Amino acid sequence: MDNAQNNDRRFVYFYFNRNEPEKIRQVVPTHVQYWKTVELKGYMGGPFGDQTGGLISFVASSLEDATNIILQDPFILQDLIAEKWIKEWIPETR
């Protein structure tokens, strides 16, 4: 295993949207496109069933790198996020 692989850490971005459904509907295509094109290792993500926000998980080398990626999310750039958390996650695998 090389050093770059040793630095891979999984992060979770958990967020709730502001109560601005029309503006959110307008930005959703750009938000989805951003996460599809950023090509992150280990990406998994999607909205909550009630459409109040979403959860995205991906691999990055540091919290700073993960934060920089998240800060480019069109929802953040358009000030549509009411609350967000970025946490390193250490999933248990079997």
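Here are some friendly questions and answers about this predicted model.

Q: What makes up the protein, and in which order do its elements run?
A: The protein has 4 helices and 4 strands. Starting at the N terminus, the order is α-β-α-β-β-α-α-β. Along the principal axes, the C-alpha atoms fill a box of roughly 45 × 25 × 20 Å.

Q: How do you know that β1 and β3 pair?
A: Two strands count as paired if at least two bridges are found between them, and therefore the number of bridges decides. β1 (9-17) and β3 (53-60) are joined over 8 bridges, in the antiparallel sense. Within this pairing, Tyr13 stands opposite Ile56 in β3, and Tyr15 has Gly54 in β3 as its bridge partner.

Q: Which strand pairs with β1 over 8 bridges and covers residues 81-89?
A: That is β4, which runs antiparallel to β1. One of the bridges can be seen at Val12, whose partner in β4 is Lys87.

Q: What makes β2 and β3 a pair, and what lies between them?
A: With at least two bridges needed, the 4 antiparallel bridges between β2 and β3 meet the condition. Gly45, for instance, stands opposite Ile56 in β3. The two strands form a hairpin with 5 residues between them. In the turn, Gln51 has a positive phi of about 65 degrees.

Q: What makes β3 mostly covered?
A: Buried means under 20% relative accessible area. In β3, 7 of its 8 residues are buried.

Q: Which residues does Ile56 touch, leaving aside its neighbours within four places in sequence?
A: A contact means heavy atoms within 4.5 Å. By that rule, Ile56 is in contact with Phe11, Val12, Tyr13, Tyr15, His31, Trp35, Tyr43, Met44 and Gly45. Looking at the protein as a whole, residues 24 or more positions apart account for 74% of the contacts with a separation of 6 or more.

Q: What makes a group of residues the largest nonpolar core, and which members touch the most others?
A: Members of a nonpolar core are buried residues of nonpolar kinds, joined through side-chain atoms within 4.5 Å. The largest such core has 17 residues, and Tyr13, Tyr15, Trp35, Ile56, Phe58, Ile69 and Phe75 touch the most other members. At least two residues each come from β1, α2, β3 and α3 (63-70). The largest share, 4 residues, is supplied by α2. In soluble globular proteins, nonpolar side chains tend to be buried together.

Q: Where is the largest pocket lined, and by how many residues?
A: The largest pocket is lined by 18 residues, and those nearest its centre are Tyr15, Val28, His31, Pro47 and Phe75. Two or more lining residues come from each of β1, α2 (21-37), β2 (44-47) and β3. The largest share, 8 residues, belongs to α2. The volume of this pocket is about 340 Å³.

Q: What is the make-up of the lining of the largest pocket?
A: The lining divides into 10 nonpolar, 6 polar and 2 charged residues.

Q: What makes the phi of Glu39 stand out, and why is Glu39 called exposed?
A: Most residues other than glycine have a negative phi. The phi of Glu39 is near 50 degrees, a positive value in a residue other than glycine. Glu39 is found in the loop between α2 and β2. Its relative accessibility is 69%, and the cut-off is over 50%, so Glu39 counts as exposed.

Q: Why is Asp79 called partly exposed?
A: Partly exposed covers the range between the buried limit of 20% and the exposed limit of 50%. Asp79 has 47% relative accessibility, so this residue counts as partly exposed. Asp79 sits in the loop between α4 (74-77) and β4. Its phi is near 55 degrees, again a positive value in a residue other than glycine.

How values were computed: Residues numbered from 1 in each chain as written. Predicted model: local features only at pLDDT ≥ 70, side-chain atom pairs only at ≥ 80, totals over all residues. Heavy atoms only, no water. 1 Å grid on protein atoms, 1.4 Å probe; cavity = no way out; pocket = protein on both sides within 12 Å on 5 of 7 lines; lining within 4 Å. Points joined across faces, edges and corners; volume = space filled by probe spheres on them. Nonpolar A, V, L, I, M, F, W, Y, C, P; charged D, E, K, R; others polar. Buried < 20%, exposed > 50% of the residue type's maximum accessible area, 1.4 Å probe, protein only.
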